[in-house]
Structure formats: structure tokens, C-alpha cells
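Biologist: I am new to this structure, and I would like to understand how its descriptions are reached. Could we go through them one at a time?

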Amino acid sequence: MRATRALQMFRPTARMMRPVPKEDQSAHTISQRLRKLKSIPPELIPLGVVVAFAVGAAFYSSMRHFFVDKTLRLKRQNRASEKHEHASSHGDAEHN
């Protein structure tokens, strides 16, 4: 007796019957991860250097701007008057 088309759909394929291969990203120690760096294509190393330099320069520039620019407001100022104005604006809305 031949299997019908419906029964063939529920039969596991040969690929599913094989054991699951060990993952390539299963390195656990730092030395194993450093050995994986050798598998990076050499063409990508200059790109990585340029991107790392750009990220470093952006971080340096942002931090320098935060520390050097004295006109930059990093915190709210005069919060007592903000609360007073906020409360009075809500009080006006309730009376209208």
C-alpha cells in the first residue's frame, strides 16, 4: 500500500531526523572568543577601525561639549517658580 499525499506531509524529512549540529557561536571563554576573531575577513578590519574611530570621536566630542560649554543647561533651574506657575494655570482652567 502506498502512502497518500496527506500522510507524506506528516512524515519527518531526512533533515529533521538528523541530530542538531553544534552551534558555531557556542564559545564560552575569552580565549575561545579571541580565536574566533581570526575568522573575520581581512577586508572588514579597515572598516572596523574607521567605525571605531568615528564612535570614539563622537563620544569625545559630546563629553567635551557637556563639560566645556557653560551655557548648556543640563538640569532644570528655578523649579519653585515652575510649580507656582503650573498650579496657577490649572486654577484658571477650573474657574472658566
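**From patch to chain**

Modeller: Among the elements of this predicted model, helix H4 gives the most to the nonpolar patch, with six residues.

Biologist: What makes a nonpolar patch here, and which residues form it?

Modeller: A patch takes residues with over 30% relative accessible area and no salt bridge, and nonpolar side chains are joined within 5 Å. On the surface, Ile30, Leu34, Leu37, Ile40, Leu44, Ile45, Leu47, Val49, Val51 and Val55 form such a patch, and together they have about 960 Å² of accessible area. Two or more of these residues come from helix H3 (30-36) and from helix H4 (44-68).

Biologist: Why is Val55 called exposed?

Modeller: Val55 is found in helix H4, and its relative accessible area is 54%. Exposed means over 50%, and therefore Val55, at 54%, is called exposed.

Biologist: How do you know what secondary structure residues 44-67 have?

Modeller: The span is 100% helix and 0% strand, and its end C-alpha atoms lie 35 Å apart. UniProt, in an unreviewed entry, lists residues 44-67 as "transmembrane region", although such annotations may be inferred rather than shown by experiment.

Biologist: What does the secondary structure of the chain come to, and how much of the chain is buried?

Modeller: The chain has five helices and zero strands, so that its elements run α-α-α-α-α from the N terminus on. The chain exposes about 10100 Å², of which carbon and sulfur atoms supply 62%.

Methods. Residues are numbered from 1 along each chain as its sequence is written. This is a predicted model: local features need pLDDT of at least 70, side-chain atom pairs count only at pLDDT 80 or more; totals for chains, interfaces and linings use all residues. Side-chain values use heavy atoms; hydrogens and water are left out. Helices (H or I, at least four residues) and strands (E, at least two) are DSSP runs, numbered from the N terminus. Accessible areas come from the Shrake-Rupley method with a 1.4 Å probe; for residues, only the protein chains shown count as cover. Patches are made of residues with over 30% relative accessible area and no salt bridge: like charges are joined within 9 Å, nonpolar side chains (Val, Leu, Ile, Met, Phe, Trp, Tyr) within 5 Å. A salt bridge is a side-chain nitrogen of Lys or Arg within 4 Å of a carboxyl oxygen of Asp or Glu. Buried means under 20% relative accessible area, exposed over 50%, partly exposed in between (1.4 Å probe, protein chains only).
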